[in-house]
Amino acid sequence: MEKMILDNNIPLVSKENKNTPRHALCFYFKIIEPEKKAGVYTLLNRLFLQGTKKRDAHTLAQELDENAIECYSEMKQDFIRFKLLCLNEDFEKGLDILSDIIKNSTLNDFEKEVIKLKGEIQAELDEPKTLAMDAYYSHIFKNHSYGHTYTNILKDIDYITKNDVMSAYQSLLEKSPKVISLVGDFGGEDVKGLLKKYFSDIKNCSDCEIKNDVAELEASETVKVAKDDASQAQIMQGWRVPTIFAKDYAPLMVMNTLLGSSGLSSRLFLELRDKKGLAYVVRSTYEIYDHSALFNVYIATEPKNIKTSLEGFKVELDKVKQIPVSDTELENAKNNLLGKRLFFSETNLQQASLMAYYEDKGLGADFEQEFNRMVKAVTVEDIQRVANAYITDKYVLTVLAPQQYLKEI
């Protein structure tokens with residue numbers, strides 16, 4: 001793995017994997033200006049493949065298909081990233097298309113995309129789980145761009161103009177910190193020269209100030225969502241916890257694994273599904289953002305089981321707080337966590353994405369090695385300590401169910 005700084009001050013992190021047939025490149029653009037209207041960056045992201053000054057949408061799609069090139073963008077809360085995957089011999093062709101998309105998107109289908117997005121969101125919100133999650137995130141990140149959920153986008157979308165999206169586009173090009181990662185069999189290629197040819201006019205803004213602080217939760221909040229045609233209750237409870245930069249990142253990852261993200265062997269699955277038969281789906285998640293993070297527990301259950309499920313959550317969370325986990329369970333959780341991460345970093349594109357993700361956060365493209373060391377160092381005492389420190393009485397609980405079952409909450 002190597003790192004170099006390109007002439008335009010953009011970091012390039014690269015890893016050469018010999019005898020692999022495809023190059024994978026990721027280009028990260030950090031979002032430093034939170035959107036004032038929910039949905040601006042969502043619309044921008046959707047418009048990137050709808051045509052450029054050189055290629056209309058049909059030509060772009062045809063050219064990608066004919067050359068078996070994957071090229072697309074993804075939007076997350078803190079960044080927009082472009083991904084390129086192509087045969088080694090088509091790398092320059094792929095760079096030509098990617099640079100055109102990044103630098104020359106016209107956003108001409110703005111009105112059409114607004115109509116499509118509204119329709120898709122309305123359809124999504126018919127799903128009970130989506131509606132419950134929407135309510136949860138909009139409350140746990142109230143008055144923050146992280147809480148710009150589907151319902152908030154629907155409130156704002158008719159007030160978003162093409163100029164709003166164009167302004168966000170220009171800000172992304174001119175003001176955002178950027179990172180490029182490349183993985184593949186590129187030995188002998190003038191990689192730096194190719195990137196200079198296609199991206200030298202895109203400047204980095206590594207010292208741009210990012211203001212996107214998240215206010216602390218002051219108290220717990222229960223959000224009830226009535227949906228009388230729902231056959232299952234959707235329950236989500238979550239806490240604000242430290243993010244990836246904190247010393248407790250690894251203990252929180254391990255705690256999440258043993259509680260609910262390790263599948264059949266996790267405590268919530270064994271206790272609430274297998275032993276009590278409360279649900280088919282029960283899990284926990286640890287979600288990472290630049291300026292915050294969440295630890296969540298979730299279950300989909302029969303509406304009559306809402307109270308029992310909430311009590312089950314409390315029992316299992318209190319156990320982690322009060323009773324030290326066994327050495328065997330701790331080691332199993334660590335092995336499960338590290339094994340899954342190996343599985344999700346097998347391909348060139350997965351590796352390129354992970355390298356750029358870490359570099360974008362200022363942790364270094366090779367942070368995965370440090371993370372492995374941190375996980376192996378987690379102790380029984382660490383698990384109990386973070387559980388008591390962060391699973392507190394300041395949480396957001398969201399319950400979706402038919403109205404009659406919400407009265408007892």
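Predicted model: local features only at pLDDT ≥ 70, side-chain atom pairs only at ≥ 80, totals over all residues.
Six strands make up an open sheet of mixed pairing, with the strand order 1-2-6-3-5-4. Its edges are strand 1 (2–5) and strand 4 (70–75), each of which pairs on one side only. From one strand to the next, the twist averages 15 degrees. Strand 4 is joined to strand 5 (residues 79–87) by six bridges in the antiparallel sense; within strand 5, F82 is the bridge partner of S73.

The loop between helix 3 and helix 4 (110–124) contains N108. The side chain of N108 makes a polar contact with that of K162, at 3.3 Å. N108 is twelve residues from E120 in sequence, and their C-alpha atoms are 20 Å apart.

The largest nonpolar core comprises 64 residues, of which M255, F295, F313 and I383 touch the most other members. Helix 9 (residues 249–261) supplies the largest share of this core, eight residues. Domain 1 (2–199) and domain 2 (221–406) each contribute at least three residues to this core. Leaving aside residues up to four places away in sequence, F313 touches I235, Q237, L268, L272, V282, V297, Y298 and I299. In soluble globular proteins, nonpolar side chains tend to be buried together.

How values were computed
Residues numbered from 1 in each chain as written. Heavy atoms only, no water. Pairing = 2+ DSSP bridges. Helix = DSSP H or I, 4+ residues; strand = E, 2+ residues; numbered from the N terminus. Axes fitted to C-alpha atoms, helices over the stretch in contact; angles between N-to-C directions. Polar contact = N/O pair within 3.5 Å; in protein donor to acceptor, adjacent residues only side chain to side chain. Core = buried A, V, L, I, M, F, W, Y, C linked by side-chain atoms within 4.5 Å. Buried < 20%, exposed > 50% of the residue type's maximum accessible area, 1.4 Å probe, protein only. Domains from an automatic or database assignment. Contact = heavy atoms within 4.5 Å.
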